[in-house]
Amino acid sequence: MKNVADQRYYLVREDVLTDAMQKTLDAKSLLQTGAVSSIWDAVKQVDLSRSAFYKYRDAVFPFHSIVQERILTVFLQLEDRKGTLARLLSTVTETHCNILTIHQTIPIQGRANVTLSLDVTAMDIELDDLIQQLKKLDFVESAEVISSGAL
């Protein structure tokens, strides 16, 4: 995966998006407006597989939402110790990031993977500084930006 600073972004017309990308946007809209209460209901309603939704959900955004929000997804590998998730989230919120989603795997062999989706609109430090702060935590083995919108 490319470093976020090396990624290039494009503004494209809706008619050139794949069918799965368009349906992902429709499903995200259903979820955002509250028309459905789960990803399962959203993908079912727009006739999209869940795997396609997860593939594109952090990669395609309506133009108006990218302009208004800056969304960052960070993947971390953590040592499985008591209180590590709480300390991680505390560090993130101290930089004024809004945590949108948290996904943590079950710890295996003393390690757990955590994926955070963050709204960094109000973040008060640079992205590289945030990643360095996370890497300095003694229980963080790795921290990597896996997607971003409008950074």
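Colleague: Which residues in α1 meet which residues in α2?

Modeller: Lys23, Asp26, Ala27, Leu30 and Leu31 in α1 meet Ile39, Ala42, Gln45 and Val46 in α2; contact means heavy atoms within 4.5 Å. Helices (H or I, at least four residues) and strands (E, at least two) are DSSP runs numbered from the N terminus. This is a predicted model, in which local features need pLDDT of at least 70 and side-chain atom pairs count only at pLDDT 80 or more, while totals for chains, interfaces and linings use all residues. Residues are numbered from 1 along each chain as its sequence is written, and side-chain values use heavy atoms, leaving out hydrogens and water.

Colleague: How do the axes of α1 and α2 cross?

Modeller: Two packed helices are described by the angle between their axes and the distance between the axes. Here the axes of α1 (residues 19–33) and α2 (residues 39–46) come within 9 Å and cross at roughly 135°. The axes are lines fitted to C-alpha atoms, for helices over the stretch in contact, and angles run from 0 to 180 degrees between N-to-C directions. α1 and α2 are therefore oblique to each other (under 35 degrees is roughly parallel, over 145 roughly antiparallel, 65 to 115 roughly perpendicular, and the rest oblique).

Colleague: Which elements does the protein have, read along the sequence?

Modeller: Six helices and four strands make up its secondary structure, in the pattern α-α-α-α-β-α-β-β-α-β. Of contacts between residues at least 6 apart in sequence, 68% join residues at least 24 apart.

Colleague: Which residues have the most contacts inside the largest nonpolar core?

Modeller: In soluble globular proteins, nonpolar side chains tend to be buried together. A nonpolar core is a set of buried Ala, Val, Leu, Ile, Met, Phe, Trp, Tyr and Cys residues joined through side-chain atoms within 4.5 Å. Buried means under 20% relative accessible area, exposed over 50%, and partly exposed in between (1.4 Å probe, protein chains only). The largest core has 22 residues, and those with the most contacts inside it are Leu72, Leu76, Leu88, Leu116, Leu118 and Leu134. The elements giving two or more residues to this core are β1 (71–79), α5 (84–94), β3 (111–119), α6 (127–136) and β4 (140–149). Apart from this core lies another, of nine residues, among them Ala27, Leu30, Val36 and Phe53. Of the 151 residues of the protein, 35% count as buried.

Colleague: Which residues does leucine 76 touch?

Modeller: Not counting residues up to four places away in sequence, Leu76 touches Leu88, Ala112, Asn113, Val114, Leu116, Leu134, Val140, Ser142 and Ala143.

Colleague: How many aromatic pairs does the structure hold?

Modeller: One. Phe53 and Tyr54 are edge-to-face, at 5.7 Å centre to centre and 75° between the planes. Rings of Phe, Tyr and Trp (its six-membered ring) pair if their centres lie within 6.5 Å; planes under 30 degrees apart count as stacked, over 60 as edge-to-face and the rest as tilted. Phe53 is buried because its relative accessible area is 3%, whereas Tyr54, with 36%, is partly exposed.

Colleague: Where is a positive phi found in a residue other than glycine?

Modeller: Most residues other than glycine have a negative phi. Aspartate 47 has a phi near 60°. Aspartate 47 is in the loop between α2 and α3 (50–56) and is exposed, with a relative accessible area of 60%. Histidine 96 has a positive phi of about 70°. The place of histidine 96 is the loop between α5 and β2 (98–104), where, at 46% relative accessibility, this histidine is partly exposed.
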